[in-house]
Amino acid sequence: TVSVLYWCIVQPRPGMSTTSVDGEGRYSTVKVAEFLESLLHLEQLDTGLFRSKKLVTPKNARGTYGGQLIAHALQAAQATVSEEKRVHSLRSNFLAAGDSSAPMYYAVKRLRDGKSFAVRSVTAFQKSEPVYVATLSFQVPEEPGIQHSTGFPADAPPPEKAVSQADQLARLIDGAPTVQLKENFRRKFAPAIHVRYTNRVSLKNPLKTQRPMRSWFKCDHIPDDPAVHRALAFFATDFTLALSPLAVHGLPNPDLRMIVSLDHTIYFHEDFSVREWFLYEVHSSWAGSNRGLCHGRIYTRDGRHVMTVIQETLIRMKKGYASTAKL
């Protein structure tokens, strides 16, 4: 469970400069920007066919990080759509674990090209076997018409008062039960995305709450291109979301055997800059049959509700484990 919390903290790669480190351990160099670009970049091989440049697998995970497949699907699809049309929804399913040691290929199929809307299907595959499928819809910006949205959570602390990555990691190190695990946590990490946590989690004091979990995100190392900002926002949506059902029963949980995203849906309401802090609020409304239903909302710091996310997650516990909670 701990390793899932830290997908965004990547181990330094060969050639990644570590000469400039700030108080939170962030590597503020061009090498980090290059690494982020490699995570999102796709090479176009033919009309509607793309190939990944770099894939990442979180420590102890079964396969490629799902958020990267989601971001790649967006990158591939929006490359085939006229610039005036912007993504407003993605619906997808994870079919198999990706192998990060081999390239991922993305095949885009045009389902509709209308005056106002365009629809694309994207299939990610390796060795001719599908790994992930998505349907994305794009719309030309229109008049506002009716408008409403959920308000920014009034009790959410600002990022300046939230727990930094370094502080959260220190708590996990302090609570590690063995010397070896402490040393594993102390290995040098290079955060690619700045994250601050509003919930305090440690091995000694697991988080158990029916309230939403919240995290602040931002990334300084990306270009001004709105398409790249959308892709990075999509990349972040698979972070912490799957953990929300576990938080109801206790997180971290030593009885956890497996946690895997089954599907993923995103409603993208409006563009925003990921260079500025944005709040990701996640919670679970139901769990049973080894599955958990997860909900997420993303807000800008000035209070705009810019994204909504829904996911069902496979959560397998040790045989005989049982925990019941009433929401």
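Tutor: Two strands pair if DSSP finds at least two bridges between them. Strands themselves are DSSP runs (E, at least two residues), numbered from the N terminus. This is a predicted model: local features need pLDDT of at least 70, side-chain atom pairs count only at pLDDT 80 or more, and totals for chains, interfaces and linings use all residues. Residues are numbered from 1 along each chain as its sequence is written, and side-chain values use heavy atoms, with hydrogens and water left out.

Now take strand S16, residues 305–317. Ten of its 13 residues are buried, meaning under 20% relative accessible area with a 1.4 Å probe, protein chains only. The strand is thus described as mostly covered.

Start with S15 (residues 291–300) as a partner. S15 and S16 run antiparallel over nine bridges. In that pairing, Arg297 stands opposite Thr308 of S16. The two strands form a hairpin with four residues between them. There, Gly303 takes a positive phi near 100°.

Next comes S13 (residues 263–268). Four bridges join S13 to S16, again in the antiparallel sense. Ile266 has Val309 of S16 as its bridge partner.

Then there is S12 (residues 256–261). S12 and S16 are antiparallel too, with five bridges. Val260 faces Leu314 of S16 across this pairing.

Note on methods: Buried < 20%, exposed > 50% of the residue type's maximum accessible area, 1.4 Å probe, protein only.
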